[in-house]
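Q: I am new to this structure and would enjoy a close look at one part of it. Please show me how side chains pair up, starting wherever you like.

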Amino acid sequence: MNCSISGEVPEEPVVSKTSGLLFEKRLIERHILDYGKCPITGEPLTVDDIVPIKTGKIVKPRPVQAASIPGMLGMFQIEWDGLMLSNFALEQQLHTARQELSHALYQHDAACRVIARLKKERDDAWAFLAQAERQVPASEAMPDAVNAAALANGKRAIEDGEMGPDGKRSRPGISNSIISELTDCNAVLSQQRKQRQIPSTLAPVEDVERYTQLTVNPLHRTNKPGILAMDILYSKDIIATAGADSNAVVFDRPSGQVVSTLSGHSKKVTSIKFASEGEVVVTGSADKTVRLWRGSEDGGFECSHTLKDHTAEVQAVTVHATNKYFVTASLDNTWCFYDLASGLCLAQVEEASGSSEGGYTSAAFHPDGLILGTGTAGSVVKIWDVKSQNNVARFDGHQGAVTAISFSENGYFLATAAHDGVKLWDLRRLRNFRTLSPYDENTATQSVEFDHSGSYLALGGSDIRVYQVANVKSDWNCIKILPDLSGTGKVNCVKFGADAKYVAAGSMDRNLRIFGLPEEEAGPSEES
């Protein structure tokens with residue numbers, strides 16, 4: 001007798017009390033648990049309604065197909081055919097999934113392109129609107145200042161909005177009110193400098209001599225490594241870095257957290273500065289633009305202005321002591337004086353002689369704000385009077401592009417870096433009184449920086465070297481050499497922290513490195 005479900009001879013036969021049908025025990029019990037009824041008659045059925053039947057040992061007969069070799073081959077053929085059909089169905093499903101994925105990726109790419117185009121159109125519209133809003137009041141409120149500034153420079157007065165005889169856009173000029181503001185700021189700062197003393201909290205030479213690497217902070221992308229410039233906001237101990245990956249990063253040093261990543265430039269960011277007590281960040285880029293980033297409600301920064309007044313790479317930005325104006329220097333052989341609040345270019349200055357030194361590669365304001373120093377690709381350092389925009393001094397002697405400029409806080413010394421090392425200039429006598437050549441002829445000095453007190457000088461090349469500032473006649477001694485642990489052999493930027501308590505350095509890798517005293521050594525020193 002065969003099971004009513006499987007049609008085979010049951011190993012443990014049971015019979016239903018209600019229908020009298022024979023079943024395999026395990027099959028009927030599973031069916032009752034799932035459905036609670038007889039699989040044949042459909043009547044209600046429970047486990048108690050089935051009765052086991054005692055039989056002799058059953059020997060299951062061999063299937064007919066497996067009784068001969070041709071039968072077994074037939075079974076194998078059937079199994080193979082089923083396997084091939086299943087494999088074919090899976091391949092069809094895979095092909096369909098690939099088509100759907102490709103279509104989804106194409107739609108995503110198209111959507112990203114549309115979004116990018118719309119964002120660009122939006123940014124251009126905002127920039128055009130902002131430029132129009134700035135030009136309307138400028139043309140109404142400052143026509144006299146424009147003509148006066150133009151006549152003072154020996155040029156024909158041009159109506160606002162017209163182009164000059166050289167085909168360049170005319171500028172409003174630096175008005176008398178702005179010049180008065182700069183002069184007043186200079187008087188206040190000069191008076192404060194005479195009364196200023198070296199702070200007692202300044203790191204002593206003994207501490208600087210024991211500086212070592214404290215932290216390594218990966219801030220930029222690995223596919224385009226390199227930190228090209230940096231600035232430090234001393235009041236909040238926040239560091240801003242400019243990267244070769246076209247991004248700028250604002251980094252909170254005490255917490256070790258990134259405050260904001262400023263993305264918007266299309267090429268490497270060559271320079272960066274804080275302004276307005278950290279409320280604004282100014283960046284210059286190889287994409288020929290300058291961007292103003294203003295603090296947002298979420299603690300980050302958003303681009304408020306994109307300035308396109310230069311026609312070549314912007315190599316340097318420097319902020320005036322009033323925190324109301326800033327200057328940019330470019331390889332197009334011009335520097336621009338901007339109003340920070342509006343982003344309006346008040347003056348774009350090119351030497352009247354028309355001589356080209358290969359464009360400007362560095363720039364910095366004198367601490368008093370009435371003098372601007374610029375370095376050129378042609379190895380020349382130029383000093384400008386900001387009020388008249390005239391070149392009042394010229395320093396020759398470097399080899400290679402002047403990569404960095406730094407004024408001492410005492411107002412008397414200027415340090416400039418180039419391929420041949422660092423030259424120190426006496427601004428009172430307009431002469432070079434010392435040359436520091438720490439590296440061989442194949443290694444350029446990339447960075448030079450005085451600390452805020454004017455007590456130390458740091459320079460960067462294949463390593464970082466800290467000098468103790470002396471006077472014109474005394475030697476400037478190297479008190480500490482910090483190795484370039486990036487392994488790139490090129491330190492692009494060096495900056496002292498507040499009171500020279502640490503040194504921040506950026507090289508051609510993605511990491512910002514902080515050098516200072518370890519905590520176990522810094523504690524007793526500060527208490528004493």
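A: Let's start at Asp-463, which counts as buried because its relative accessible area is 12%, and the cut-off for buried is under 20%. Please keep in mind that this is a predicted model. Arg-465 is also buried, at 17% relative accessibility. The side chains of Asp-463 and Arg-465 form a salt bridge, with 3.1 Å from N to O. Elsewhere, salt bridges with shared partners connect Lys-120, Asp-124 and Lys-308 into one network.

Let's look at part of that network. Asp-124 and Lys-120 meet through their side chains in a salt bridge of 3.1 Å, N to O. Both residues lie in helix α2, 4 residues apart, which is about one turn of the helix. How open are they? Lys-120 is exposed, at 53% relative accessibility, while Asp-124 is partly exposed, with a relative accessible area of 32%.

Another salt bridge joins Asp-309 to Arg-171, where the closest N and O atoms are 3.0 Å apart. Asp-309 sits in the loop between β12 and β13, and Arg-171 in the loop between α3 and α4, so this pair ties together parts that are 138 residues apart in sequence. Both Asp-309 and Arg-171 are buried.

Tyr-360 and Trp-384 are both buried.

Phe-450 and Trp-476 make an edge-to-face pair as well, 6.4 Å centre to centre and with 70° between the planes. Here strand β25, which holds Phe-450, is linked to the loop between β27 and β28, which holds Trp-476; the two residues are 26 apart. Phe-450 is buried, with a relative accessible area of 4%, and Trp-476 is buried at 5%. Ring pairs join Phe-450 and Trp-476 with Phe-413 and Phe-433 into a cluster.

Finally, some charged side chains lie over rings. Arg-253 lies over the face of Tyr-502, 4.1 Å from the ring centre. Arg-428 lies over the face of Tyr-412, at 4.3 Å from the ring centre.

Notes
Residues are numbered from 1 along each chain as its sequence is written. This is a predicted model: local features need pLDDT of at least 70, side-chain atom pairs count only at pLDDT 80 or more; totals for chains, interfaces and linings use all residues. Side-chain values use heavy atoms; hydrogens and water are left out. A salt bridge is a side-chain nitrogen of Lys or Arg within 4 Å of a carboxyl oxygen of Asp or Glu. Buried means under 20% relative accessible area, exposed over 50%, partly exposed in between (1.4 Å probe, protein chains only). Rings of Phe, Tyr and Trp (its six-membered ring) pair if their centres lie within 6.5 Å; planes under 30 degrees apart count as stacked, over 60 as edge-to-face and the rest as tilted. A charge sits over a ring if NZ of Lys or CZ of Arg is within 6 Å of the ring centre and within 35 degrees of the ring normal.
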